[in-house]
Amino acid sequence: MLLGNAALVGELQQLRKENQQGHIGTKESLTRLETSVEELKDQITKLETRIVEAEERISNNEDSVMRHGRAIRYLLQGE
C-alpha cells in the first residue's frame, strides 16, 4: 500500500509540475498577445490620423478646383 501511495504522490507532483509549466506558457502567450494588441492600436491610431490628414487635403483640393472653375468662367465671360 505504501508503494501505491508513493506512486500516486509522484504522479501528483508530475501533474503539478506540468500544470505550472502550462500556466507559465499561458502567461507568456497572454503577454505576447497584449503586446500585439497594443502595437495594433498604435498602428490604427496612426492610420486614422493619416486618413484625417488625407481628407483635409482632398477637401482643400476640391475647394481649389471650385475656385479655379469660377475664375475660368469669369475670364471666359469677359471674352
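**View 1. Arg73, an exposed residue of helix α1.** At 51% relative accessibility, Arg73 counts as exposed, a class that requires over 50% relative accessible area, whereas buried means under 20% and partly exposed lies in between (1.4 Å probe, protein chains only). Arg73 lies in helix α1, where helices are DSSP runs of H or I with at least four residues, strands are runs of E with at least two, and both are numbered from the N terminus. The C-alpha atoms of Arg73 and Ile58, which are 15 residues apart along the chain, are separated by 22 Å. This is a predicted model, in which local features need pLDDT of at least 70 and side-chain atom pairs count only at pLDDT 80 or more, while totals for chains, interfaces and linings use all residues. Residues are numbered from 1 along each chain as its sequence is written, and side-chain values use heavy atoms, with hydrogens and water left out.

**View 2. The salt bridge between Glu38 and Lys41.** The side chains of Glu38 and Lys41 meet in a salt bridge, at 3.9 Å from N to O; the term stands for a side-chain nitrogen of Lys or Arg within 4 Å of a carboxyl oxygen of Asp or Glu. By this rule the count comes to 1 salt bridge. Because Glu38 and Lys41 are 3 residues apart in helix α1, about one helical turn separates them. Glu38 is partly exposed, with a relative accessible area of 44%, and Lys41 is likewise partly exposed, at 48%.

View 3. Leu12 lies in helix α1, which covers residues 2–78, and is exposed, with a relative accessible area of 52%.

View 4. The end C-alpha atoms of residues 30–64 lie 51 Å apart, and the span is 100% helix and 0% strand.
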